[in-house]
Amino acid sequence: MKAFVLRSYGSPDRLTLTDVDEPVPAAGEVLVRVRATSVNPYDWHTVSGTPYVARLIPAGPGLRAPKLTIPGCDVAGDVVAVGSGVSSFRAGDEVFGLLRDGGFAEYVSVHADLLARKPANLSYEQAAAVPMAAVTALLAVRDVGRLEKGQRVLVNGASGGVGTFAVQIASALGGQVTGVCGAPNASLVRSLGAYSVIDYRAEDFTRRGERYDVVLDIAGGHGALAVRRALTRHGTLVVVGGPAGRFAQPVTHVFSTLAVGALIPQQVRLADAVGCAHKPKCLTALTDLVENGSVTPVVDREYPFAEIPAAVRYQMAGHAPGKVVVTIPG
Ligand SMILES: NC(=O)c1ccc[n+]([C@@H]2O[C@H](COP(=O)([O-])OP(=O)(O)OC[C@H]3O[C@@H](n4cnc5c(N)ncnc54)[C@H](OP(=O)(O)O)[C@@H]3O)[C@@H](O)[C@H]2O)c1
């Protein structure tokens with residue numbers, strides 16, 4: 001099979017289209033014919049090996065060279081075969097999943113616990129847009145932010161992969177949503193259910209005198225003390241991401257916000273999709289939201305499989321409204 005293989009850290013051009021052996025599903029695994037994948041910041045952090053500080057973590061991407069040789073964490077495709085002990089899927093099932101790696105390939109063998117049934121009303125490309133970004137958004141809004149009907153929620157970074165899902169999920173849960181994004185994406189964010197939109201280049205949401213029950217900080221750029229000005233007395237700041245850097249960002253932003261958060265009366269908590277232990281349950285909840293029309297993936301661009309390096313480079317520029325997806329021909 002063909003796969004994009006990463007042998008050393010660097011630019012997206014280090015991803016090399018290579019012939020590799022097709023994986024064989026081990027016990028508990030499912031072999032998936034990947035029909036589409038999508039690109040997340042997680043993928044280009046893996047490719048570039050940044051921030052460098054992450055390489056020092058024992059479970060991290062690898063100190064000198066990448067441990068993950070085939071990146072790609074979002075997949076949508078068809079089950080081809082199952083390993084022993086798998087009863088939840090069978091050949092021909094349409095699935096999608098949130099993996100650690102292996103998605104930039106024609107086939108991937110993945111533990112059955114990381115997959116869920118693909119929403120019936122989505123194409124493979126739309127379904128591949130969902131896993132990482134929408135699971136993060138669901139965790140942030142529902143599980144960590146604990147948004148309740150009628151509460152005011154601000155989504156900082158509302159036009160990106162995570163943000164476009166967060167706005168829709170928060171609206172579906174009955175929240176009154178304010179989105180923070182660049183002016184060109186204001187109408188998109190409104191169309192997803194935002195009640196009001198703030199242009200981050202023109203206004204600082206922490207200095208408007210407005211207060212929110214929940215603030216989702218996806219884009220970063222403000223510490224806990226600044227965001228506190230925009231939180232109600234019992235409000236919650238949910239930390240999702242932050243500005244990227246070569247050496248330590250967004251790790252320093254996330255952990256300094258959590259550390260300072262421990263000193264203020266409001267809740268400051270992390271939403272972590274990578275470490276989430278119930279990804280398939282989240283995917284199933286998202287399938288319900290998609291199939292009942294509450295959530296529709298926003299796909300900015302579609303790239304053919306051979307152009308995965310270009311897709312990663314585009315996502316890495318940080319201004320994609322919605323998701324960047326990749327089609328893998330059958
Ligand atoms: N915690 C987790 O488990 C988890 C999971 C997934 C992602 N993340 C993190 O979450 C962050 C966002 O991920 P993503 O997939 O949504 O990325 P993305 O799709 O690249 O998001 C980019 C969006 O952010 C907007 N933006 C940039 N600077 C902004 C600012 N100062 N204020 C408001 N919006 C701004 C951009 O809008 P403009 O074009 O208008 O600038 C663009 O639409 C990243 O740091 C990522 O690493 C964390």
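These legends accompany several close-up views of a predicted model. Because the model is predicted, local features need pLDDT of at least 70 and side-chain atom pairs count only at pLDDT 80 or more, while totals for chains, interfaces and linings use all residues. Residues are numbered from 1 along each chain as its sequence is written, and side-chain values use heavy atoms, leaving out hydrogens and water.

**View 1. An open sheet of six parallel strands.** Follow the order β10-β9-β8-β11-β12-β13 through the sheet. Strands here are DSSP runs of E with at least two residues, and helices are runs of H or I with at least four, numbered from the N terminus; two strands pair if DSSP finds at least two bridges between them. β10 (196-199) and β13 (267-270) are the edge strands with a single partner each, so one side of each has no neighbour in the sheet. From one strand to the next, the twist averages 20°.

**View 2. The pairing of β9 with β10.** Strand β9 (residues 176-181) meets β10 in the parallel sense over four bridges. Look for Thr178, whose bridge partner in β10 is Ser196.

**View 3. Two helices lying across the sheet strands.** Helix α4 (residues 161-172) lies across β8 (152-156), β9 and β11 (212-217), and runs at about 170° to β8. Helix α7 (residues 251-261) lies across β11, β12 (231-239) and β13, at about 150° to β13. Contact means heavy atoms within 4.5 Å; axes are lines fitted to C-alpha atoms, for helices over the stretch in contact, with angles from 0 to 180 degrees between N-to-C directions.

View 4. A side-chain N or O atom of Ser159 is 2.7 Å from a ligand oxygen atom, and a polar side-chain atom of Tyr200 is 2.3 Å from an oxygen atom of the ligand. From Ala271, a backbone N or O atom lies 2.7 Å from a ligand nitrogen atom. Taken alone the ligand exposes 940 Å², and the protein buries 84% of that (Shrake-Rupley method, 1.4 Å probe).

**View 5. Two backbone details worth a look.** Most residues other than glycine have a negative phi, and most peptide bonds are trans. The peptide bond from Thr50 to Pro51 is cis, with omega near -5°; Pro51 sits in the loop between α1 (41-48) and β4 (74-82). Arg146, in the loop between α3 and β8, has a positive phi near 50°.

Methods: A polar contact is a pair of N or O atoms within 3.5 Å; within protein, one must be able to donate a hydrogen and the other to accept it, and residues adjacent in sequence count only if both atoms are side-chain atoms.
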